[in-house]
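Me: Could you take me through the strand pairing, the charged contacts and the surface of this chain, with the criteria stated as you go?

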Amino acid sequence: MRLNDLRDLPGATTSKKRVGRGIGSGLGKTSGHGQKGQKSRSGVAIKGFEGGQMPIHMRLPKRGFNNNFAKDFNEVNVGRIQTAIDDKKLDASKPVTVQALVEAGVVRRARDGVRLLGRGELKSKVSFEITGASSGAVKAVEAAGGTVTITAMPQRQAKSAGQDAPKKTAKKAATKKAAPKKAAAKKSAAKNDTSE
């Protein structure tokens, strides 16, 4: 072995870390030392803050309308129903309800109901009891000898007054009931008081 053949073991030496050489290096700008001041603290959210002036998301005009009371229906075509009947997932002799469609795997969940659409071909005579149907779907079902009955999805029943009411409202109701009794007691006490 000669001196010029001597080498360090692999991994014994590493090249110097060159910091502040652009964002492509991964150690540019702050050179791996992070931010100073407000941005170095936790819990600070200044994304979108524009120094106190009106932010752009508030300056821009709003367009359109979102209906808070819109129904979210699952849509099923009559062709999909026929496929499920052919695969023996649905029984054509029984009424096809929303629950039957969910159990058969035709729809994943009921949401606000199921609406029947007219794409595809329906050969079987089927009676539907669902929450909605297009005119084309109704024609397709009636042409095959079936019927379509529109039924409402079962909604949550409105709670009666006082049922599961907050404590404050319950206290108010109790005080209202007690108030006439107190007034009557005061009147009777005033009548009975003959000391004057």
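Reply: The model is predicted, so local features need pLDDT of at least 70 and side-chain atom pairs count only at pLDDT 80 or more, while totals for chains, interfaces and linings use all residues. Residues are numbered from 1 along each chain as its sequence is written, and side-chain values use heavy atoms, with hydrogens and water left out.

Me: Which residue in β4 stands opposite V96?

Reply: β2 pairs with strand β4 (residues 127-130) in the parallel sense, over two bridges. Within β4, the residue opposite V96 is F128.

Me: How many bridges join strand β1 to strand β3?

Reply: N74 stands opposite V114 in β3. Strand β1 (residues 74-77) and strand β3 (residues 114-117) run parallel, and the number of bridges joining them is four.

Me: How many residues apart are R111 and D72?

Reply: A salt bridge is counted when a side-chain nitrogen of Lys or Arg lies within 4 Å of a carboxyl oxygen of Asp or Glu, and R111 forms one with D72, the closest N and O atoms being 3.9 Å apart. This pair links distant parts of the chain, with R111 in the loop between α3 (98-104) and β3 and D72 in the loop between α1 and β1, at a separation of 39 residues.

Me: Is L3 buried or exposed?

Reply: M1, L3 and L6 form a nonpolar surface patch with about 440 Å² of accessible area together, where areas come from the Shrake-Rupley method with a 1.4 Å probe and, for residues, only the protein chains shown count as cover. Patches take residues with over 30% relative accessible area and no salt bridge, joining nonpolar side chains (Val, Leu, Ile, Met, Phe, Trp, Tyr) within 5 Å and like charges within 9 Å. Buried means under 20% relative accessible area, exposed over 50% and partly exposed in between (1.4 Å probe, protein chains only). L3 has a relative accessible area of 74%, so this residue is exposed.

Terms used. Two strands pair if DSSP finds at least two bridges between them.
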